[in-house]
Amino acid sequence: ESTSKKKEDKRAAKQAAQKESGATEKTITLTTTQAQKPAFTFDANMDADELDLKVLEVMGMRGRRQTDVRGMMQKLQALSALARRFGAVREIPVLMHLLASLFDNMRTIDDYLSSDMWRMAFWYA
């Protein structure tokens, strides 16, 4: 409980500092191609703790029924791009979750990854 209170205080202080300096809040939005509605929006200025919480939130959806696997992969791709700012300590776990989700996308044991999927996995690694 005290940890969440500290994080809320930290966010509030960060927002107040941004308002004082005149900086506008940057957000990054991914859109789906089907309906062109926002699929995932996050603050481009989030810190490492907020990044960890977002990754845990996305990974909490993994394996559940009615989970949009493509949406989850898009969110992980966006988070991996953001995690690069924090170095390998943050980036590698996000990439490992992304690679695991690529392999989880296979429905049966007899399915195989296409060449494009292998290239994508290689590119992320």
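This passage describes the predicted model of one protein, from its overall make-up to single residues.

The structure is a predicted model, in which local features need pLDDT of at least 70, side-chain atom pairs count only at pLDDT 80 or more, and totals for chains, interfaces and linings use all residues. Residues are numbered from 1 along each chain as its sequence is written, and side-chain values use heavy atoms, with hydrogens and water left out.

Confidence is expressed as pLDDT, the predictor's confidence in each residue, from 0 to 100. The protein averages a pLDDT of 76. A score of at least 70 is reached by 74% of the residues. Among the elements, helix H2 (residues 48–60) has the highest mean pLDDT, 91. Strand E1 (residues 27–31) has the lowest, 53. Where pLDDT is low, the predicted coordinates should not be read in detail.

The protein holds five helices and two strands. These are DSSP runs, numbered from the N terminus: helices are H or I with at least four residues, strands are E with at least two. From the N terminus on, the order is α-β-β-α-α-α-α.

Of the 125 residues, 28% are buried. Buried means under 20% relative accessible area, exposed over 50%, and partly exposed in between (1.4 Å probe, protein chains only). The accessible surface comes to about 9000 Å². Carbon and sulfur atoms account for 53% of this surface. Areas come from the Shrake-Rupley method with a 1.4 Å probe; for residues, only the protein chains shown count as cover. Contacts (heavy atoms within 4.5 Å) were also counted between residues at least 6 apart in sequence. Of these, 50% join residues at least 24 apart.

Helix H5 (residues 115–124) has buried residues Met117, Ala121 and Tyr124. They lie on the same side of H5, because they cover an arc of only 65° around the axis. The arc is that of the directions from the helix axis to the C-beta atoms. On the other side of H5, Asp116, Arg119, Phe122 and Trp123 are exposed. The cover over the buried residues of H5 includes helix H3 (69–83) and helix H4 (88–104).

Ser101 belongs to H4. Its relative accessibility is 0%, so Ser101 counts as buried. Leaving aside residues up to four places away in sequence, Ser101 touches Met72, Met73 and Leu76. Pro93 is also found in H4. Pro93 has 39% relative accessibility and therefore counts as partly exposed. Pro93 and Val55 are 38 residues apart along the chain. Their C-alpha atoms are separated by 9.2 Å.
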